[in-house]
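Dear colleague,

Please find below the structure that I am handing over to you. My notes on what was found in it follow directly after.

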Amino acid sequence: MKKVVMLMFFGVTVLKASFTFSQGDTQLWLTYNNQTRLSEKWGYTFDVNYRTRGFFPFNSTLTAARVGANYFVNSRLRVTAGYAWFGTYVSDLDINWLPEHRLWQQAQWTIQKSKFQLIHRFRLEQRFRQELIQYPSTEPIYAYTTRARYMIQLQGLLLPPKTPDGFQLSWQAANETMFHTGDIISSQMFNQNRTLGGVVISPNRKFDLAILYQLIMQYQPVLDTVEDIHSIRVTAFHVLEYRKKR
């Protein structure tokens with residue numbers, strides 16, 4: 001496990017040495033994530049997201065919704081495909097949201113041990129983003145990019161449950177790196193890196209509340225710099241189970 005943690009933060013060190021950095025906004029990310037199991041092989045997922053610039057007052061930057069169908073290959077591996085809508089708030093133009101339509105596919109591999117959990121997640125996205133430079137325009141024009149994402153996540157117990165469905169407290173650490181290619185990007189394929197760490201509060205096995213610090217390093221092609229964005233990420237995970245009991 002120590003080797004995994006060292007690998008997660010080695011990538012951050014390499015990025016710091018490879019790019020020029022600038023200071024970005026402080027953000028708050030709020031998410032509700034639902035995972036529903038319908039049968040041994042099938043289920044669905046959806047999440048809704050709201051992101052702000054700053055904490056008080058809440059200045060909107062993005063609203064998003066994502067849905068997908070899960071197929072459980074086995075107890076460790078599941079694959080998902082779905083659709084997502086993202087709306088970026090633009091305050092200085094005569095519009096409210098700059099839309100993005102996104103198709104996505106992912107594979108998630110979970111290794112469960114008695115005291116910790118390790119997750120590898122590979123995600124591919126096909127992004128259709130409305131171009132900002134076209135406003136004002138009667139015919140919106142979309143730019144297309146493909147983005148590949150890899151996330152590694154570790155979670156371990158701080159306070160074990162006293163009963164199988166009892167309260168527990170966990171720590172969580174993760175790192176995700178993204179690369180993209182397509183329209184209106186520079187020759188730099190690196191898109192962003194996210195490093196997260198914090199605690200997960202679990203009243204039972206159906207609901208988790210993750211409170212995490214997140215450092216985002218996002219490449220800005222216009223300025224040719226990587227922007228540091230510090231954020232607090234609060235995510236409510238809700239698990240529903242409809243499989244028939246054997």
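The protein chain has an accessible surface of about 14000 Å², and 63% of that surface belongs to carbon and sulfur atoms. Accessible areas come from the Shrake-Rupley method with a 1.4 Å probe, and for residues only the protein chains shown count as cover.

Please note that this is a predicted model, in which local features need pLDDT of at least 70 and side-chain atom pairs count only at pLDDT 80 or more, while totals for chains, interfaces and linings use all residues. Residues are numbered from 1 along each chain as its sequence is written, and side-chain values use heavy atoms, with hydrogens and water left out.

Overall organisation

The protein chain contains 1 helix and 11 strands (DSSP runs numbered from the N terminus: helices are H or I with at least four residues, strands are E with at least two). From the N terminus on, the order of elements is α-β-β-β-β-β-β-β-β-β-β-β. Of the 246 residues, 39% count as buried (buried means under 20% relative accessible area, exposed over 50%, and partly exposed in between, with a 1.4 Å probe and protein chains only). Among contacts between residues at least 6 apart in sequence, 53% join residues at least 24 apart; contact here means heavy atoms within 4.5 Å.

Strand pairing

Two strands pair if DSSP finds at least two bridges between them. Strand 6 (residues 116-130) is joined to strand 7 (residues 142-159) by 15 bridges, and the two run antiparallel. Within this pairing, Phe-128 has Tyr-144 in strand 7 as its bridge partner. Strand 7 is in turn joined to strand 8 by 14 bridges, again antiparallel, with Leu-159 opposite Leu-169 in strand 8.

A hairpin of 2 residues connects strand 9 to strand 10, and Val-199 stands opposite Ile-211 in strand 10. Strand 10 also pairs with strand 11 (residues 225-241) in the antiparallel sense, over 14 bridges; there, Gln-218 has Glu-227 in strand 11 as its bridge partner.

Two buried polar residues

Glu-176 lies in strand 8 (residues 168-182) and counts as buried because its relative accessibility is 4%. The side chain of Glu-176 makes a polar contact with the side chain of Arg-121 at 3.1 Å (a polar contact is a pair of N or O atoms within 3.5 Å; within protein, one must be able to donate a hydrogen and the other to accept it, and residues adjacent in sequence count only if both atoms are side-chain atoms). Leaving aside neighbours within four places in sequence, the residues in contact with Glu-176 include Arg-149, Tyr-150, Gln-192 and Arg-194.

Gln-130 is in strand 6 and is also buried, at 11% relative accessibility. The side chain of Gln-130 makes a polar contact with the side chain of Tyr-142 at 3.4 Å. Gln-130 and Pro-140 are 10 residues apart in sequence, and their C-alpha atoms are 6.5 Å apart in space.

A nonpolar surface patch

Val-67, Tyr-83, Leu-103, Phe-128 and Tyr-142 make a nonpolar surface patch of about 420 Å². Patches are made of residues with over 30% relative accessible area and no salt bridge, like charges being joined within 9 Å and nonpolar side chains (Val, Leu, Ile, Met, Phe, Trp, Tyr) within 5 Å; a salt bridge is a side-chain nitrogen of Lys or Arg within 4 Å of a carboxyl oxygen of Asp or Glu. One of the patch residues, Leu-103, is located in strand 5 (residues 97-112) and is partly exposed, with a relative accessible area of 41%.

With kind regards
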